[in-house]
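Please examine the sequence and the structure shown below.

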Amino acid sequence: EPKKYRFRTMRQNLVESADYLDDQIESFVPIVQEHYQLSKDDFGDPTIQSQSEIYAVGRIVPDSPTTEGFLNPESLALETSRISGIGRRISLNLTEVNDFSLFCGQIVALKGKNVSGDYFLVTEILSLPYPNSPVSTTEDIQKLYNGKTDRTSKIIVTSGPYTPATSFDLTYLAEFVDKVNTSIKPHAIVMFGPFIDVTNPLIASGNLPNFPNVKVQPKTLDEVFSKVIAPILSQINSKIQVVLIPSTRDALTKHAAYPQDSFNRNILQLPKNFKCFANPATFQINESFFGCSNVDVFKDMKEVTKGGTITLRNRFDRISEHVLNQRRFYPVFPGGIKKKLISSSDSKDKKIYEHLSGADLEVAYLGLTEFVSSFTPDVMIIPSELQQFARVIQNVIVINPGVFVKATGVRGSYAQLSILPANIDDGKLTKVESPDGEVYLHNVWKRARVDLITI
Amino acid sequence: NGIDTLQPLETTVADIERFKDSSALELTCPNCANKFLFGGIIASNFYTMCYNGLQCKNCEHIFSPLQITSQLERCIRSHISLYYAGWLVCDDKTCGTVTRQISVFGKRCLSDGCTGVMRYKYSDKKLYNQLLYFDSLFDCEKNKNQLLKPLYHSGDIDYPISSLNESSIKVLSEQNRDLFETNRSVVQKYLSDCARRYVDLGSIFEFMRE
């Protein structure tokens, strides 16, 4: 599994990217068909004229390839797969639908008809079924806890940057490590990058200071980590398991694309209680499944919404539901980009931008960002620059721990998860009959408490 | 097609030709915030390579190794990120659509009725050459033998007033060898992951598999 992330970067193949984008549409056809009990004949090609109402599955795209910036309900189109509509795109008429939230890259199932040949008149947007939650058997759970049913597990989640944008001061991190060892005493810490952010303005201005207390000054950013940051992290009590998940903005990796290979623990010179995972990663702590992804979907997803019941809802809830629905951690396509205006010459339409950073999607490999075995995680962690939060959405705990230190140097936040042990007798697990006998839903959301704490 | 598309082996192309589309490395002086282009050990109105490293001519600040490598690394990463932004361009000159949309038939142009072929605007070849260009700037042998792509041409506003003689370039290359090797290691870190450098034998000999 982790080996699949070890592909070499910087060689995108347009045909392979397109193959994946086509597969993505096709993979949802059987899901929709089965869930709504439709037959193959109910589906049609929405791009051609027809008198009857049909079902269609496709991707939401802008109605013009050169559209940039904000979209509205009148400027959306549906892209068909190679099989369903030879990849053609058709404008959507959404006047008959009252409530929706759509975004570019979203796979949707629509009901409607194309009477004139110019547009597809949508009469209904079919909601996609949520994927199943993972389950455990009685034996699994008994083995995991081995009778120790009184032990609450405590997990800390942090997300970079760990230094302000105005200095390379690591006092907060050192303070935090001390607090972890003496007062928090968690069982595990999940730390998201960036540890050294290549987009930090101090790096752009060349303004890296001398580091006190270091005998030989670091000559590269990699050495800044191994000589300055690693010694601080290594102070974390060796009984605490630490998981590191990279960011594509991390200087410590040569793999600058998402999905992203894990760090190399030996190069970073970290002790054995550190584990390096890929981005995104799905792993288990006891019975609970954690889905972790480090691309800011909460910031990048620009929805086109309509209707009061949709618009008035919490935006984080809507985006989390989209992620669960789409079964992948970053369903936005094309991925977000961040650019800076460097000059706008006299004629107003000529603006020159400098590219700063982006989601850096390696499209052909986006299959690695789909939910593992089509199960939802019990806990989904997607760090964001936006306000920290923890919410329960469709029985999944969704967490944004917030940044550790704000750019201005103001203290940021971390998340603390306390999960009661799974106990078959206390009624908090739901029994489900399956072909393999009795299994239990984990119901982590009923047993967990999340605190968002200022560092 | 035919003879027009005949291309010389990439390894035999001279650097000046190969790097003609590569963009220069811009450094900022940490002390006086002056921005200038770095082109190896060459004459420049903005910096000198002295015995102790890179010096800003404006304020005489000498860069620490980290102050160069970190800017080099950031510059490499912004190129990689721009590459991954995935801008496509249509090769039909009457269309020329530029977009980040990809059709499920990758090469098909999304403009109505256009039969042009879509390509990555920032190709992997261009990115690879860009990395090789950065590598050449810190290559002591290429510096000594003055094989670098020139930054300025006579007539440019910034064309250097003074020039450097051959022997001082040789001496300075040796004296800055450690610094240059450190910078090269940063470029090599990314070159080692660049798939363009490696031939995928598996895919070439796929037809032999049963």
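Predicted model: local features only at pLDDT ≥ 70, side-chain atom pairs only at ≥ 80, totals over all residues.

Residues are numbered from 1 along each chain as its sequence is written, chains are lettered from A and ligands numbered from 1 in the order in which they are written, and side-chain values use heavy atoms, with hydrogens and water left out. The model scores ipTM 0.94 and pTM 0.94.

Chain B contains seven helices and seven strands, assigned as DSSP runs (H or I of at least four residues for helices, E of at least two for strands) and numbered from the N terminus. From that terminus on, the order of elements is α-β-β-β-β-α-β-β-β-α-α-α-α-α. Of its 210 residues, 49% count as buried, that is, under 20% relative accessible area with a 1.4 Å probe, protein chains only. In chain B, 65% of the contacts (heavy atoms within 4.5 Å) with a separation of 6 or more join residues 24 or more positions apart.

At the interface, 65 residues of chain A are in contact with 51 residues of chain B. The area buried between the two chains is about 4,900 Å², and carbon and sulfur atoms give 58% of this area; buried area is the accessible area (1.4 Å probe) that two parts lose on being put together, summed over both. A:Met10, A:Gln12 and A:Leu14 supply 17% of the area that chain A buries against chain B, more than any other three residues. The rule finds two salt bridges across this interface, a salt bridge being a side-chain nitrogen of Lys or Arg within 4 Å of a carboxyl oxygen of Asp or Glu. A:Asp222 forms a salt bridge with B:Lys189, with the closest N and O atoms 2.9 Å apart.

Within chain A, A:Asn114 lies in the loop between β5 (107–113) and β6 (119–126). A:Asn114 is buried, with a relative accessible area of 2%. Leaving aside neighbours within four places in sequence, the residues in contact with A:Asn114 include A:Pro46, A:Ile90 and A:Phe120.

Definitions and conventions: Buried < 20%, exposed > 50% of the residue type's maximum accessible area, 1.4 Å probe, protein only.
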